[in-house]
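User: I would like to learn how to read a two-chain model. Please take me through it feature by feature.

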Amino acid sequence: MNINPVLQKELKIRMRGWRAAATIGVYLGFLTLTAYFITVVARQDFYRTAIDPEFSIGSYIGLAVMQFVLISFIAPALTTGAISGEREKQTLDLLLCTRMTPLSIIIGKLFASMSQIILLIIASLPVFSIVFLFGGISIKEVLQLFGFFIIISITFGSIGIFFSSYFKKTTAANVLSYGTIAFLYFGTIFITVIILMAIGDSNYNGIFPLLYANPILGFSSILWEQFGSGSMGFFPGFNFTQTGLNKFVSPWIVNLIFNIALSMLLLFLSSRKINPLLEKHNGRKRKRHNAK
Amino acid sequence: MLKIKNLTKKYGKFTAVDDLALNVPDGEIFGFVGPNGAGKTTTMKIICGLMAANSGEVYVDDIDAIKKAREAKEIIGYMPDFFGVYDDLKVNEYLDFYASIYNIKPKERKRITDDLLELVDLTDKREVYVDSLSRGMKQRLCLARSLVHNPRLLVLDEPASGMDPRARVEMKEILRSLKGLGKTIIISSHILSELSELCTSIGIIDRGKLVIEGKVSDIMQQVYSKKLIKVRVKDRIEDALRVMQEFPTVISTNTGENYIEVGFDGGDEDMTLLLRELINKDIPVITFSQMDGNLEDVFMKVTNGDEEH
């Protein structure tokens, strides 16, 4: 089996030196601090003497939230320099003049970043295992959550690669990537609230369609499905109920389908953008010329 | 090996390459000469599938390099004028990476890497990080990179730019070795004297148009249709000058300390007659030789001539 050469090379470069070890160290440091904080808080409850599964669920949710936040910051950072960095270093042409297709270059770059994220997630397993000490959480639930993290990382990574392909400077790609992710997190909620206020529907039951694009919805929906029961409402348009589409499919699955579709679209557009033979202006001209 | 027909590339209203036609046979070293912005790099990028053309056709070994760019890239090795390297890769890893792109097996890659490092004289740098190499070494490594898949056509854009004189000589030696290996090479440079020694043929491009193309000697003759003869005499320079001025095919004379430069509009027969006339008149001729125009003069003449229109 041939491994994508860009992926192979990137893994070698990325794991060299102190940066990879430092990233893992800082990542695990944050998670460990979170676990420690939760344990200290739980021990202050003097009335709790026996092993309590609620404590492990609390720890699990706390660690999951911290990991979700960390991934949201790290995943785009790993890809925003993927293409713009090659341009800045003047190495992109050296790749494009080989037999590699633009799509395989993009995929190689994305998976190199994803491998790093997967490494971080796997490295966090020992910290997560603290919750197994107290019971109440199954391996299946942890794997389900980690699967969600991997897909969401791919989406954030694809957003990074997309802007990295479209902008020459990594700084611009960085700003726009985080801007887009912030929009998915908060912009979609803001627009939903505005729309519902405008149409005067303050009791919107279920999930407003735009919010299926929101990673917070996907994340909280997984946790709700794992530990929640009945209905749970945050605000109009963000309610987990067994109504409408949710009778058939969980909100987090719809969110994952959206994420996968968005990633595929962004990767396709990125590969077109870096393909030197598909310059918009010239492509039209050539078609006209060939038609003659 | 390389055929270009009616190639045109425009950047907005500016025409970088204007209806260019070119034919480079197998095994040639073709010198692509032109002032900055003449369209050399654009043409080379189009050949290598790094830029789309507005119109025209490019064939590399009968493969349509525009429609089947990926196929053509298998037999093209490209070295750009400006390039960077990856910071955290060693010299051997750098070549191994590019070889892996062409599906070459690891064992074979090691052999290729060793051979190429020997060719470009970097064997002792194989374990060194690429970014610590000098500019000249990086240029040589980049040339080695363009050879990892054993391409039949090499497209080298100013391969010796920014190099010191020693590095230039080393690069020239490497290119000579490649010529010996039967590669077809297109090389652009503004150091014309270097090209004239190395190239079997040249093409001069100016404002996107190929102004002149052919064997170096043919181009010299085409540009210098009128000969320039230098005659050195021991003494009696005034008498020699009189003989020359009376000779029918002499069109101009320019006198130096003990020599005369003669503008001559005749063939080899006429040159023999002029020399005989000087000897018959007892002029003490030391040397009588036709002066070679150099490529720099040709370049200036061809490109300036165009500007006057």
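Analyst: We go from the chains to their contact, and then to single residue pairs. Keep in mind that this is a predicted model.

User: Let us begin with the folds. How many helices and strands are there in chain A?

Analyst: Count the elements, then read their order. Chain A has 12 helices and 2 strands. Read from the N terminus, the order is α-α-α-α-α-α-α-α-α-α-β-β-α-α.

User: And how many helices and strands are in chain B?

Analyst: Chain B holds 11 helices and 14 strands.

User: What share of each chain counts as buried?

Analyst: Chain A has 292 residues, and 47% of them count as buried. For chain B, with 309 residues, the share is 51%.

User: How do I read contacts along the sequence?

Analyst: Set aside the local pairs and ask how far apart the remaining partners are. In chain A, among contacts with a separation of 6 or more, 80% are between residues 24 or more positions apart. In chain B, the share joining residues at least 24 apart is 67%, among contacts between residues at least 6 apart.

User: Now the interface. How is its size given?

Analyst: The usual figure is the accessible area lost when the parts come together. Here, chain A and chain B bury about 3200 Å² between them, and carbon and sulfur atoms give 55% of that. On the side of chain A, the residues that lose the most area to chain B are A:Arg16, A:Leu94 and A:Arg99. Together they make up 24% of what that side buries.

User: How many residues does each chain bring to the contact?

Analyst: Chain A brings 28 residues and chain B brings 38.

User: How many polar links cross it?

Analyst: There are two counts to read. The salt-bridge rule finds 3 across the interface. Polar contact gives 10 residue pairs, with both residues at pLDDT 80 or more. As for where the side of chain A comes from, helix 1 (5-15), helix 5 (92-96) and helix 12 (280-291) each supply at least two of its residues. By type, that side divides into 10 nonpolar, 8 polar and 10 charged residues.

User: Is A:Arg99 buried or exposed?

Analyst: A:Arg99 is at 17% relative accessible area, so it is buried; the cut-off is under 20%. B:Glu74, at 32%, is partly exposed.

User: What else does A:Arg99 touch?

Analyst: Beyond B:Glu74, its contacts include B:Arg70, B:Ile101, B:Tyr102 and B:Asn103. The side chain of A:Arg99 also reaches the backbone oxygen of B:Ile101, at 3.1 Å.

User: How do I read salt bridges inside one chain?

Analyst: Ask which elements the partners come from. B:Glu28 and B:Lys215 meet at 3.1 Å, N to O. B:Glu28 is in the loop between strand 2 (14-24) and strand 3 (29-33), and B:Lys215 is in strand 10 (residues 209-215), so the bridge ties together parts 187 residues apart in sequence. B:Glu28 is buried at 11%, whereas B:Lys215 is partly exposed at 41%.

User: Which residues of chain A are linked in a network of salt bridges?

Analyst: A:Lys9, A:Glu10, A:Arg14, A:Glu86 and A:Lys109 form one such network. Over all chains, the search finds 24 salt bridges.

Key: Residues numbered from 1 in each chain as written. Chains lettered and ligands numbered in written order. Predicted model: local features only at pLDDT ≥ 70, side-chain atom pairs only at ≥ 80, totals over all residues. Heavy atoms only, no water. Contact = heavy atoms within 4.5 Å. Buried area = accessible area lost by both parts, 1.4 Å probe. Salt bridge = Lys/Arg side-chain N within 4 Å of Asp/Glu carboxyl O. Polar contact = N/O pair within 3.5 Å; in protein donor to acceptor, adjacent residues only side chain to side chain. Helix = DSSP H or I, 4+ residues; strand = E, 2+ residues; numbered from the N terminus. Nonpolar A, V, L, I, M, F, W, Y, C, P; charged D, E, K, R; others polar. Buried < 20%, exposed > 50% of the residue type's maximum accessible area, 1.4 Å probe, protein only. Lists of a residue's contacts leave out its neighbours within four places in sequence.
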